Amino acid sequence: MTALHALPDGMDLTLGALVEPGGNALRAVHGAGLRPGERLLVLGTGTIGLLAALFARSQGVEVHLLGRDLDGLRLARSLGFTGTWTRPSLPELRWDAVIDASNAPELPALALDLVEPAGRVVYIGLAGAPSTLDTRALLLKDVTAVGILGGSAGLAGTIAAYAGGSVDARPLVAATVGLAETAGVLAGHRPADAGPGPKIHIDPRR
C-alpha cells in the first residue's frame with residue numbers, strides 16, 4: 001500500500017481527480033525554493049502552470065503568470081492573479097524564480113534569461129520539439145536548474161492543501177462528461193457548455 005494515498009472523507013471528487021497534476025505542480029513550487037514575499041514568474045497558463053501558481057500563492061509567494069494572449073490569461077485573472085502578462089507587456093521585475101510550465105520550445109531559454117542571477121529555474125513543461133539554451137548563461141548567472149518529471153512526491157502535500165482549503169483547483173475543470181463523450185474529448189472537442197478551464201473530466205457514471 002505504499003503507492004496509494006487515501007483521500008479524506010468528504011473531499012470533493014473533482015479535487016480528488018486533480019491530485020495527480022497537483023503533485024507535479026507542487027513539486028515544481030518546491031523546486032523553486034522561494035520564501036514568502038519572494039517573486040515567482042510562471043510561464044504557461046495550462047493546468048500545471050495554474051496549479052503551480054495556486055500552490056505558490058498559498059505559501060505566501062508573489063506570483064505572476066506569462067501567457068500567450070489575453071484570452072489565455074482570463075482564467076488566471078478570475079483566480080485572483082493580478083500579475084498576468086503577455087511577452088510584450090511583461091515588466092522588468094526581479095524574478096527570484098521562474099517555472100516553465102509551457103510546451104513552447106523557446107521558453108526554456110527565456111526562463112533562464114529572465115531569472116535573477118543566483119535564482120532558480122524549474123522546468124516541468126515539455127515541448128514537442130527540442131529546446132536549446134546557452135549553458136554559459138546558466139553558469140555565469142549561477143542559476144540552479146531543476147527538472148520535474150513525476151508528481152508522486154507531491155501527492156500527500158497536494159491532498160493536504162486541497163483538504164485544508166488553501167488551494168482550490170476546481171475552477172480549472174471546464175466540464176465533466178460521460179463515457180459516451182470521451183472519444184470526442186480525446187480528439188480535442190470541447191463541450192458546448194465548457195467553462196474557461198483547461199481540464200475536461202470524465203465521469204463513467206454519467
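This is a predicted model: local features need pLDDT of at least 70, side-chain atom pairs count only at pLDDT 80 or more; totals for chains, interfaces and linings use all residues.

Colleague: OK. What's the strand order in the sheet?

Modeller: It goes E3-E2-E1-E4-E5-E6, an open sheet of six strands with parallel pairing.

Colleague: And which are the edge strands?

Modeller: Strand E3 (84–85) and strand E6 (144–147), each of which pairs on one side only.

Colleague: How many bridges join E2 to E3?

Modeller: Two, between E3 and strand E2 (residues 62–66), and the strands run parallel. Trp85 in E3 is the bridge partner of Leu66.

Colleague: Which strands does H2 touch?

Modeller: H2 packs on the sheet against E1 (39–43), E4 (95–100), E5 (115–123) and E6, and its direction makes about 160 degrees with that of E5. Helix H3 (residues 47–58) packs on the sheet too, touching E1, E2 and E4, with its direction at about 165 degrees to that of E2.

Colleague: Switching to helix pairs, at what angle do H2 and H7 cross?

Modeller: Roughly 110 degrees, with the axes of H2 (residues 19–32) and H7 (residues 155–164) coming within 8 Å. So H2 is roughly perpendicular to H7.

Colleague: Which residues meet there?

Modeller: From H2, Val19, Glu20, Gly22, Gly23 and Leu26; from H7, Leu155, Gly157, Thr158, Ile159 and Tyr162.

Colleague: And how do the residues of that contact divide into nonpolar, polar and charged?

Modeller: Five nonpolar, four polar and one charged, for the contact of H2 with H7.

Notes
Residues are numbered from 1 along each chain as its sequence is written. Side-chain values use heavy atoms; hydrogens and water are left out. Axes are lines fitted to C-alpha atoms, for helices over the stretch in contact, and angles run from 0 to 180 degrees between N-to-C directions. Helices (H or I, at least four residues) and strands (E, at least two) are DSSP runs, numbered from the N terminus. Angles under 35 degrees count as roughly parallel, over 145 as roughly antiparallel, 65 to 115 as roughly perpendicular and the rest as oblique. Contact means heavy atoms within 4.5 Å. Ala, Val, Leu, Ile, Met, Phe, Trp, Tyr, Cys and Pro count as nonpolar, Asp, Glu, Lys and Arg as charged, and the others, Gly among them, as polar. Two strands pair if DSSP finds at least two bridges between them.
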